[in-house]
Amino acid sequence: MRIKGKNFDGEGGEEEEQKLVVGYALTLKKKKSFLQPEFERLACKKGILFVAIDVNLPLSGQGPFDIILHKLLGKEWSDIVEDYRQTHPEVTVIDPPYAIQQLHNRQSMLQDVVDLNLSDFHGRVGVPKQMVIMKDPLSIPDEVAKAGLKLPLVAKPLVVDGSAKSHELFLACDWSSLSELEPPLVLQEFVNHDGILFKIYIVGDAIKVVRRFSLANVNKCRRAKVPGIFPFPRVSSAAASADDADLDPRIAELPPKPLLERLSKELRHRLARPSIVQYRYDPRAWDKRHLLCD
């Protein structure tokens, strides 16, 4: 049996410590960024062992695993994971395919935030004004005008499937250039946020907030002189960390803990999965602690 992480044989002799086995199926890029040698050594000291899953072999014949961590694309793989989850309920799958599917659409993803009632709980949480364009690029300027959205606009692919294309973001600064965009997409009003955003990691009851450099503020004068559609990088990546930067305290101040705890509780309930949430603050409403979900 196992006592305090140790295995004991029937005669009371101590055996090798039992480890928590995590089977992983990741892209090569994710494996390189996630399974760093230092991280694996630390995990090993904590009794956690990472084992690569061979996607060319039946999943049910591998293991045994305590946890399966995966981030591969495609319906075939999702079906394999779901079948395994049904036949091995004792294994924790991060994340179940049904939970991932809920976040594959930016419109439905943000709807969970829209539905939150946190307007008077140590601050406000909301979503910038936005609309979805499904087809016909030439109609985009008219549709945007009818919806009352104001320039500049951030254009994001509607589908979030982990591919490079799903992370192609653009800033649209004039009406005529809107027809150059490729639907289906989400158009969202750009909110000046002094070039800093917060990325909030929520796993169970644990909450971790990091700062990331973001796009600089856009004023009317600058916008008038720079027409067109401009791509911009993934501002939330680890390479854009601003945690050690010398920032204005007003900009660097983290969201209040009670708001984060309430937000964590609500998202866990709605999404039924660990969450990574990206927020910008609106300096025009900073006295009200207004967080805007991306």
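This is a predicted model: local features need pLDDT of at least 70, side-chain atom pairs count only at pLDDT 80 or more; totals for chains, interfaces and linings use all residues.

**A tour of the fold**

The chain counts 294 residues, and buried residues make up 42% of them. Its accessible surface comes to about 17000 Å², with 54% of that belonging to carbon and sulfur atoms. If you take the contacts between residues at least 6 apart in sequence, 69% of them join residues at least 24 apart.

Which sheet do they belong to, and in what order do its strands run? Five strands form an open sheet in the order S8-S11-S9-S10-S14, and the pairing is antiparallel. Strand S8 (130–133) and strand S14 (229–232) stand at the edges, each with a single partner strand, so one side of each has no neighbour in the sheet. From one strand to the next, the twist averages 25°.

S8 pairs with S11 in the antiparallel sense over four bridges, and Gln130 stands opposite Gln188 in S11. In a regular strand, side chains alternate between the two faces of the sheet.

S11 comes next in the order. Why is S11 described as largely enclosed by the rest of the structure? Five of the five residues of S11 are buried, so the strand is largely enclosed. Its side chains also point two ways: Leu185, Leu187 and Glu189 go one way, Val186 and Gln188 go the other, and all are buried. On to S9, which pairs with S11 over five bridges in the antiparallel sense. Here Lys156 stands opposite Val186 in S11.

At the S14 end, four bridges join strand S10 (residues 169–172) to S14, and the two run antiparallel. Within this pairing, Phe170 stands opposite Pro231 in S14.

Next, turn to another sheet. Four strands form an open sheet in the order S4-S3-S5-S6, and here the pairing is parallel. S4 and strand S6 (92–94) stand at the edges with a single partner strand each, so one side of each is left without a neighbour in the sheet. The twist averages 25° from one strand to the next.

Strand S5 (residues 67–71) pairs with S6 in the parallel sense over three bridges, and the bridge partner of Leu69 in S6 is Ile94. A helix accompanies these strands: helix H3 (residues 75–87) lies across strand S3 (20–26), S5 and S6, running at about 165° to S5.

A search of the whole structure finds three aromatic pairs. One of them joins Phe34 and Phe39, whose rings are tilted, at 5.1 Å centre to centre with 50° between the planes. Phe34 counts as partly exposed at 31% relative accessibility, and Phe39 is partly exposed too, with a relative accessible area of 32%.

How are the rings of Phe34 and Phe50 arranged? Their centres are 6.0 Å apart and their planes stand at 85°, so this pair is edge-to-face. The pair links distant parts of the chain, with Phe34 in helix H1 (residues 28–34) and Phe50 in strand S4 (residues 48–52), 16 residues apart. Phe50 is buried, with a relative accessible area of 15%. Taken together, ring pairs link Phe34, Phe39 and Phe50 into a cluster.

A last stop is at the cysteines. How many disulfides does a search of the whole structure find? The search finds zero. Among the cysteines, Cys44 is partly exposed, with a relative accessible area of 38%, whereas Cys173 is buried, with a relative accessible area of 9%.

Definitions and conventions: Residues are numbered from 1 along each chain as its sequence is written. Side-chain values use heavy atoms; hydrogens and water are left out. Rings of Phe, Tyr and Trp (its six-membered ring) pair if their centres lie within 6.5 Å; planes under 30 degrees apart count as stacked, over 60 as edge-to-face and the rest as tilted. Buried means under 20% relative accessible area, exposed over 50%, partly exposed in between (1.4 Å probe, protein chains only). A disulfide is a pair of cysteine sulfur atoms within 2.5 Å. Two strands pair if DSSP finds at least two bridges between them. Axes are lines fitted to C-alpha atoms, for helices over the stretch in contact, and angles run from 0 to 180 degrees between N-to-C directions. Contact means heavy atoms within 4.5 Å. Accessible areas come from the Shrake-Rupley method with a 1.4 Å probe; for residues, only the protein chains shown count as cover.
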